[in-house]
Amino acid sequence: IPIIYSFYMSLYNWNFANIKEFIGLQNYVTMFSDSEWWQSLGRTFKLTLLYVPALFILSILFAVLINYVKNEKAAGFVKTAFLLPYSITSVIASFLYMDRSGFINVFLKAFGLKGEKFLGSTSQAMVCIAVVLIWINLGYNIILFLSAIKDIPYSYYEAAKLDGANSWQIFWKITFPLLKPTSVFVLITSVIASFQCLDLIMVM
């Protein structure tokens with residue numbers, strides 16, 4: 001229903017204050033003929049290509065590493081530490097990169113290092129946004145992968161070890177293939193998230 005209603009609204013010239021004026025597909029014609037819109041779409045794809053693979057690889061890596069932690073208290077602490085940023089608002093996260101009083105620049109200056117422009121730099125801004133997105137969402141995806149790993153029968157690993165498989169072979173031949181449903185879910189939601197991060201970008 002929201003998708004259908006969104007399309008319906010796109011057929012009107014309407015800012016929620018004036019009277020709705022039906023204009024058909026004119027909004028789409030205007031959008032597709034706008035060079036700034038195409039540039040914006042290109043930057044969004046760049047962010048997606050930067051953010052999604054990095055998040056995916058790091059999520060699986062840390063999930064596998066945490067799974068090797070046998071101490072339940074230690075494993076619980078690590079999972080909580082990774083998950084905490086998921087509860088942080090984008091406004092707080094954006095304070096990391098503030099030019100003068102940002103957390104990172106304060107840290108750098110405390111060690112006598114020169115502060116960086118970060119969001120004020122055309123070469124650093126995209127990376128900064130991707131890092132914050134990864135930082136916020138990493139813990140959630142780690143929990144997803146970790147839960148999926150826990151569901152893999154341990155007998156598979158025992159059989160592989162008896163056959164002389166090393167850790168990499170076990171991961172590549174057993175763990176990774178059996179994580180396919182979770183991997184597909186994480187990739188789809190991560191791509192969607194990369195197209196919906198306007199609030200974070202506006203704040204930063």
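Helices (H or I, at least four residues) and strands (E, at least two) are DSSP runs, numbered from the N terminus. With that in hand, let's look at Ser-194, which belongs to helix α10 (residues 180-194). The model is a predicted one, where local features need pLDDT of at least 70 and side-chain atom pairs count only at pLDDT 80 or more, while totals for chains, interfaces and linings use all residues. Residues are numbered from 1 along each chain as its sequence is written, and side-chain values use heavy atoms, without hydrogens or water.

Is Ser-194 buried or exposed? Its relative accessibility is 1%, so Ser-194 counts as buried (buried means under 20% relative accessible area, exposed over 50%, partly exposed in between, with a 1.4 Å probe and protein chains only). Apart from its neighbours within four places in sequence, Ser-194 is in contact (heavy atoms within 4.5 Å) with Thr-44, Leu-47, Thr-48, Tyr-51 and Val-52.

Now for the cysteines. A disulfide is a covalent bond between the sulfur atoms of two cysteines. Here a disulfide is taken as a pair of cysteine sulfur atoms within 2.5 Å, and by this rule there are zero disulfides.

Finally, visit Phe-103 in helix α6 (residues 103-110). Phe-103 has a relative accessible area of 48%, so this residue is partly exposed.
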